[in-house]
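Welcome to this short briefing on a protein chain. Have a look at the sequence and the fold first, and then we can walk through some of the details together.

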Amino acid sequence: SLFERIQAIDPGLDPRNYVMVFGLRNYDEIKGKPITEIVYVHSKLMIVDDKKAIIGSANINDRSMVGSRDSEIGVLIEDTDFIDSTMGGEPYKVGKFAHDLRLRLFRNHLGFSPSESSRKLLDPTSREFFKQLWVPQAAKNSLIYEEVFNCLPSDQAQTFADVKTIRSKSCLAEIDPSTAKRKLTEIKGHLVLMPVQFLARENLRPAVGTAESLVPYVTFT
């Protein structure tokens with residue numbers, strides 16, 4: 001994996017200082033019972049330096065980008081209207097559309113109320129934002145979801161046996177719905193940590209003899 005390659009350079013390196021992956025999760029109730037699900041959105045969005053935005057169906061891989069494989073559609077929006085902001089702790093000109101779009105999304109992901117200021121969100125590269133707001137909120141939300149729902153995928157499930165064990169346990173939402181609902185009120189926004197160690201100790205290559213094993217690996221990249 002990418003994380004293993006970073007650690008191979010220097011075992012003392014923490015890959016999370018270079019790459020982190022996050023997701024979105026939500027919860028609701030059905031007949032008084034708390035439920036949860038990952039937020040799945042098929043469309044893709046990349047906002048670059050608060051100046052450009054790419055929106056569409058294309059993935060950042062050969063299947064989408066080579067041009068002779070999957071059919072995709074994407075829109076590149078390059079701002080021509082710039083406003084003053086901050087990036088990397090320095091004064092910086094941002095594109096009005098890309099910047100406003102990122103702020104709206106970040107406010108949603110972090111659960112900001114309409115009255116909360118967006119000041120902390122202006123510089124996404126600052127330590128104040130990433131290490132003191134973004135990552136802690138994702139970690140807190142993730143812990144609550146795991147405590148209430150025994151969520152899968154999870155970093156606690158690195159083998160199929162782990163998955164079976166977690167599925168066999170009753171979760172708090174089933175045992176004590178009232179306590180589960182109180183816990184869920186502590187969640188803010190939808191941001192969670194992506195479980196990058198899920199099934200890390202399993203060989204996920206297609207089994208010999210299956211149709212998938214006969215297809216060149218490049219097909220899946």
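Let's begin where two helices meet: Ile144, Tyr145, Glu147, Val148 and Phe149 in helix 4 touch Ala180, Lys183 and Leu184 in helix 7. Contact here means heavy atoms within 4.5 Å, while helices (H or I, at least four residues) and strands (E, at least two) are DSSP runs numbered from the N terminus. This is a predicted model, in which local features need pLDDT of at least 70, side-chain atom pairs count only at pLDDT 80 or more, and totals for chains, interfaces and linings use all residues. Residues are numbered from 1 along each chain as its sequence is written, and side-chain values use heavy atoms, leaving out hydrogens and water.

**Helix 4 and helix 7**

- Helix 4 (residues 127-149) and helix 7 (residues 177-184) pack at an angle of about 170°, and their axes are 10 Å apart.
- That angle makes helix 4 roughly antiparallel to helix 7 (angles under 35 degrees count as roughly parallel, over 145 as roughly antiparallel, 65 to 115 as roughly perpendicular and the rest as oblique).
- Axes are lines fitted to C-alpha atoms, for helices over the stretch in contact, and angles run from 0 to 180 degrees between N-to-C directions.

- The side chain of Ser142 reaches the backbone oxygen of Ala138 at 2.7 Å.
- Leaving aside residues up to four places away in sequence, Ser142 touches Val192 and Leu193.

- Three strands form an open sheet in the order 3-4-5, with antiparallel pairing (two strands pair if DSSP finds at least two bridges between them).
- Strand 3 (44-48) and strand 5 (74-78) stand at the edges with a single partner strand each, so one side of each has no neighbour in the sheet.
- From one strand to the next, the twist averages 10°.
- Strand 3 pairs with strand 4 (residues 52-56) over five bridges, in the antiparallel sense, and Lys44 has Gly56 in strand 4 as its bridge partner.
- Helix 3 (residues 96-110) packs on the sheet and touches strand 3, strand 4 and strand 5, its direction making about 120° with that of strand 3.

- Most residues other than glycine have a negative phi, and most peptide bonds are trans.
- Asp50, in the loop between strand 3 and strand 4, has a positive phi of about 55° although it is not a glycine. Asp50 counts as buried, at 2% relative accessibility.
- Asn150, in the loop between helix 4 and helix 5, has a positive phi of about 50°. Asn150 is partly exposed, with a relative accessible area of 24%.
- The peptide bond from Leu152 to Pro153 is cis, with omega near 0°; Pro153 is found in the loop between helix 4 and helix 5 (160-168).

**The whole chain**

- The protein chain has seven helices and eight strands.
- Of its 221 residues, 27% count as buried.

Key: Polar contact = N/O pair within 3.5 Å; in protein donor to acceptor, adjacent residues only side chain to side chain. Buried < 20%, exposed > 50% of the residue type's maximum accessible area, 1.4 Å probe, protein only.
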